[in-house]
Structure formats: structure tokens, C-alpha cells
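Hi everyone, thanks for making time. I'd like to walk you through one model, so let's get it up on the screen.

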Amino acid sequence: MAIAEPRSPSDGRVWGLFKLPFRHSGSTQTLSSSSSHHIPHQHNQSNQQVQGSTPHPPNSSVSSVARSFLPAKRRLRLDPSNKLYFPYEPGKQVKSAIRIKNTSKSHVAFKFQTTAPKSCFMRPPGAILSPGESLIATVFKFVEHPENNEKQMDPKSKLKFKIMTLKVKGPMDYVPELFDEQKDQVTVEQILRVVFLDVEHPNPNSLKALDKLKRQLAEAEAELEARKKPLEDTGPKIIGEGLVIDEWKERRERYLARQQIEGVDSL
């Protein structure tokens with residue numbers, strides 16, 4: 001009588017790691033058993049089981065494991081792509097800028113996180129972008145004086161920013177609580193490293209980065225003013241050829257006329 005050798009539990013796990021996303025779990029275990037014992041009869045039965053079985057969709061746990069090995073699809077395009085440039089001016093509040101564009105086919109919410117929340121803030125701190133929409137976010141940072149009055153611009157700065165994204169159903173008002181309510185769906189889009197630029201003795205690369213930063217900051221201010229303009233446009237309406245209707249004045253005149261009529265009636 002042949003004694004079957006004990007099968008190591010790790011064999012099934014290793015095989016399942018690579019084959020589970022593509023085969024049913026039951027069929028995979030049969031194939032693993034037949035290949036380990038080299039018994040033709042069992043091998044034929046396992047082949048018949050695989051060929052005759054009806055394909056089933058993988059269960060939720062297998063799908064989640066498979067998705068975890070795949071790189072997350074990016075929803076935003078960033079410019080700069082992985083850095084934030086700040087002019088190095090100790091004792092001053094300096095600004096950086098980054099263009100954020102939604103390249104997906106759905107509405108996307110994003111928000112900033114930073115390792116230095118006490119000395120940094122973002123405008124806007126988060127927003128919802130429709131497909132193809134873009135904006136320039138401005139990041140403010142207070143640069144502290146270096147110790148011993150020595151100029152320090154560490155190229156490997158510990159200050160970092162993280163941009164997180166969340167797919168939303170449609171246009172809505174942005175609230176930070178969106179990311180707390182749907183934690184499982186939040187994706188880390190990019191981690192941005194901070195780079196300080198020497199404004200006193202810039203090299204060619206620093207000059208190029210500073211010029212681009214100035215252009216983006218100017219565009220950010222222009223976009224901000226454009227968003228404010230419709231809210232501020234509350235002046236009198238012009239109808240026809242120069243006819244100006246002051247709604248407040250018209251309501252006041254109607255009110256005074258009504259008061260006079262009521263006063264005459266009371267007499």
C-alpha cells in the first residue's frame with residue numbers, strides 16, 4: 001500500500017496567490033493536489049473537473065487581493081508632478097503653486113495634507129473637479145530663520161505634502177467630511193517633496209523654476225479674481241437703451257406710496 005505524503009499547507013497558499021485571480025479556488029486545490037502526488041487517475045479527474053466545470057466569478061476577497069497588487073490609476077495630472085518649489089526667504093511667508101487637472105471621466109474630490117500644518121496652509125485646501133476641469137492651488141509656507149544664522153536649504157527636506165483623491169457621484173459642494181465618510185475609497189494621488197530655491201544666487205535650474213512659479217502664481221490670482229467677480233457683480237441692472245432700474249429704490253418708493261395711501265384712508 002502506498003502511503004501518501006503529507007501535503008504542506010504552504011503549497012496551496014503559494015499556488016493560490018498566483019492562480020486564484022484566474023481560476024476557481026476549488027479547481028486550484030485539485031490541481032495542486034494532483035501535481036504533488038503524480039497520480040494519473042487523480043490528474044485525469046482534476047482535468048475533467050476543470051474542463052467540465054462552469055466558470056464562476058472570483059469571490060470578493062480574491063478580487064480585493066488582486067486589486068491590491070495593481071497600481072492605482074491616477075485621477076489627476078499635476079504640474080509640477082512631484083515637487084513643490086518655494087523661494088527661500090527666511091522670516092517671510094512664501095508661496096508655491098501647483099496646477100491640478102482632473103483627467104478621469106468622473107467627478108473627483110481632492111484634498112491636501114502636510115507634515116507641517118502649523119506653518120503651512122493651502123488655497124483651496126480641497127475641491128471637487130469635474131472631468132477635464134483644472135485649477136491652480138496656492139500653498140503658503142512660513143520660512144523660519146535657520147539656527148546660528150546659517151543658511152540652510154536641505155535638498156532632502158522633511159516637509160512634504162500629500163494629495164488625496166476620492167471619486168464622487170457628481171457635482172456637489174466640497175466638504176472635508178467626504179474623505180472621512182468614505183475612507184475605503186480614498187486614494188493617495190501623489191506625495192510632493194518640498195524644494196527651496198535660492199533667490200539670491202540662483203543657478204540656471206533655479207531661475208527656470210522661479211520663472212515658472214511666478215507665472216503660475218499670477219494665473220492663480222487671476223483665477224481667484226475671476227471666481228469672485230460674479231459674486232461681486234450685484235450692481236443695478238440695465239434694461240433697454242440705458243434704462244437703469246434700482247431695485248432697492250423702486251421697493252422703497254412703493255413702500256412710501258403704500259404708507260401715504262394708508263394714511264389717507266385712516267383720515
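Let's start with phenylalanine 110: setting aside neighbours within four places in sequence, it is in contact (heavy atoms within 4.5 Å) with Leu76, Ile100, Pro125, Gly126, Ala127, Leu129, Leu135, Ile163, Met164, Thr165, Tyr174 and Phe179. Before going on: this is a predicted model, with local features needing pLDDT of at least 70, side-chain atom pairs counting only at pLDDT 80 or more, and totals for chains, interfaces and linings using all residues. Residues are numbered from 1 along each chain as its sequence is written, and side-chain values use heavy atoms, with hydrogens and water left out.

Okay, the sheet. It's an open one of four strands, in the order β1-β3-β7-β5, with antiparallel pairing. Strands here are DSSP E runs of at least two residues, numbered from the N terminus, and two of them pair if DSSP finds at least two bridges between them. At the edges sit β1 (76–79) and β5 (120–123), each pairing on one side only. β1 and β3 are joined antiparallel over four bridges, and aspartate 79 has arginine 99 in β3 as its bridge partner.

Now, serine 104, in the loop between β3 (93–102) and β4 (107–114). Is serine 104 buried or exposed? Serine 104 counts as buried because its relative accessibility is 17%; the cut-offs are under 20% for buried, over 50% for exposed and partly exposed in between, with a 1.4 Å probe and protein chains only. Not counting residues up to four places away in sequence, serine 104 touches Arg75, Pro131 and Gly132.
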